[in-house]
Amino acid sequence: MKILVTGAKGFVGKNLVAELKNRGFDDIYEYDKDTDEKLLDSYTADCDFVFHLAGVNRPKDESEFMTGNFGFTGILLEKLKGKNNKAPILITSSIQAELDNPYGKSKKAGEELMFSYSRETGAKVYVYRLPNVFGKWCRPNYNSAVATFCNNIAAGLPIKVNDASVVMKLVYIDDVVREFILAMEGRANRIDGYCYVPTVHTTTLGRIVDIIQSFKDGRKELKVPRLDDELEKKLYSTYLSYLPKDEFSYPLNMHVDERGSFTEFIRTPDRGQVSINISRPGITKGNHWHHSKNEKFLVVKGKGCISFRKYGTDEIIDYHVNGSELTVVDIPTGYTHCITNEGDEDMVTVMWANEAFDPDRPDTYFMKVRENDE
């Protein structure tokens, strides 16, 4: 299939083209405002499907709305008619097409032109009235509040919120691209002649700001977002794409002593905590038990022994582990346990606990597994 994408360098176009290439489509005609206009003749003669994403949403003069959103659509359709090419066309409109403003009027005019073209030629058209689209590669400080907030908060720049109670409808770029490809396959979601992206997130402007701000604060607190919240999950992916190039990394607080080190890596509100433990050769750590706290140990470097003794019994259970044969060891409640480095190099263990450490409620009680342990 040969695919024409207008507005190919824009936010939606760039994401769409990238995913089409990921899926093995090689014949993609990318057309944008800096493309030689003569190429549009050959593209419209040869294409099998058209994604018409080009448009104007922040012009210097309001008259450019009609020129960019209606005028260019007319040019595109005339070229297709001139080549007798009845390839299906998908066009991105906006929910503002329902409003009486210059931008909305231009989008509405483009829609009507598309429907008229379909009636005249019999070509299939897919008209998507999109709400606010967010995701990676969107231009900040332009026409996306989410992009602006992500960019400015990540960079430590000020943001302005005029009314935190404003309700916004959002669609995520991956959901948009997925739906567009379904349309190309003839499986678009459609109601009353208009196509739509099924997954829409409705929330307030204030909540969006609070969520994005929590991502920045979370680095200091080692927190990651609630990934069972689809909006928060998608906002986090978006936020990370706006990190300044020199701030991809951040330091952790290593607790170092003569035995090695212990470093908290990630804290979650509902999925526990991940830490990295480094033990020097011959060193034993632990010798404690928990009522309810439970853990998983994974030695990723070196070799050692994880030992257990059930509270009130004498039997000792040993699990020998090493970084060459990755094995997870569960730490049951009610068992005192320890981990000993049996090798001649530092042993590195990834440790997960079902809850983040709370110094006020540590649920950790000293008890040796073996009486001769230090």
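This is a predicted model: local features need pLDDT of at least 70, side-chain atom pairs count only at pLDDT 80 or more; totals for chains, interfaces and linings use all residues.
**Entry 1: α7 and α8**

I began with the crossing of two helices, and I found that α7 passes α8 in a right-handed crossing. Helix α7 covers residues 205–221 and helix α8 covers residues 230–240. Their axes lie 10 Å apart, and the helices pack at an angle of about 55 degrees. The pair is therefore oblique, α7 to α8.

Next I looked up who makes the contact. From α7 come Arg207, Ile211, Ile212, Phe215 and Lys216. From α8 come Leu231, Glu232, Leu235, Tyr236 and Tyr239. I sorted these residues by class and got seven nonpolar, three charged and no polar.

**Entry 2: α5 and α8**

I stayed with α8 and turned to helix α5, residues 145–155. The axes of α5 and α8 come within 9 Å, and they cross at roughly 55 degrees. That makes α5 oblique to α8. I checked the handedness too: α5 passes α8 in a right-handed crossing.

Which residues meet here? On the α5 side I listed Val146, Cys150, Ile153 and Ala154. On the α8 side I listed Leu235, Thr238 and Tyr239. Leu235 and Tyr239 were already in my notes, as they belong to the contact of α8 with α7. By class, the contact of α5 with α8 holds six nonpolar residues, one polar and no charged.

**Entry 3: α1 and α6**

I then moved to helix α1 (residues 11–22) and helix α6 (residues 173–184). Their axes come within 10 Å and cross at roughly 60 degrees. Here I saw a right-handed crossing again, with α1 passing α6.

My list for α1 reads Phe11, Val12, Asn15, Leu16, Glu19 and Leu20. These meet Ile173, Val176, Val177, Phe180, Ile181 and Met184 in α6. The classes came out as 10 nonpolar, one polar and one charged.

**Entry 4: the second largest pocket**

How many residues line the second largest pocket? I found 27, with Phe262, Asn277, His288, Glu295 and Met351 lying nearest its centre. Several strands give two or more residues to this lining, including β12 (260–267), β13 (273–279), β14 (284–289), β15 (295–301) and β20 (347–353). Strand β19 (335–341) is also one of them. I sorted the lining and wrote down nine nonpolar, 11 polar and seven charged residues.

**Entry 5: Thr340**

What does Thr340 touch, leaving out residues up to four places away in sequence? I found Ile283, Thr284, Lys303, Gly304, Cys305 and Met347.

I also looked up Thr340 against Cys138, which is 202 residues away along the chain. Their C-alpha atoms are separated by 50 Å.

Technical notes. Residues are numbered from 1 along each chain as its sequence is written. Side-chain values use heavy atoms; hydrogens and water are left out. On a 1 Å grid over the protein atoms alone, a cavity is a set of points where a 1.4 Å probe fits but cannot get out, and a pocket is an open set with protein on both sides within 12 Å along at least five of seven lines; lining residues have an atom within 4 Å of a point. Helices (H or I, at least four residues) and strands (E, at least two) are DSSP runs, numbered from the N terminus. Ala, Val, Leu, Ile, Met, Phe, Trp, Tyr, Cys and Pro count as nonpolar, Asp, Glu, Lys and Arg as charged, and the others, Gly among them, as polar. Axes are lines fitted to C-alpha atoms, for helices over the stretch in contact, and angles run from 0 to 180 degrees between N-to-C directions. Angles under 35 degrees count as roughly parallel, over 145 as roughly antiparallel, 65 to 115 as roughly perpendicular and the rest as oblique. A crossing is left-handed if the near helix is turned anticlockwise from the far one by less than a right angle, and right-handed if clockwise. Contact means heavy atoms within 4.5 Å.
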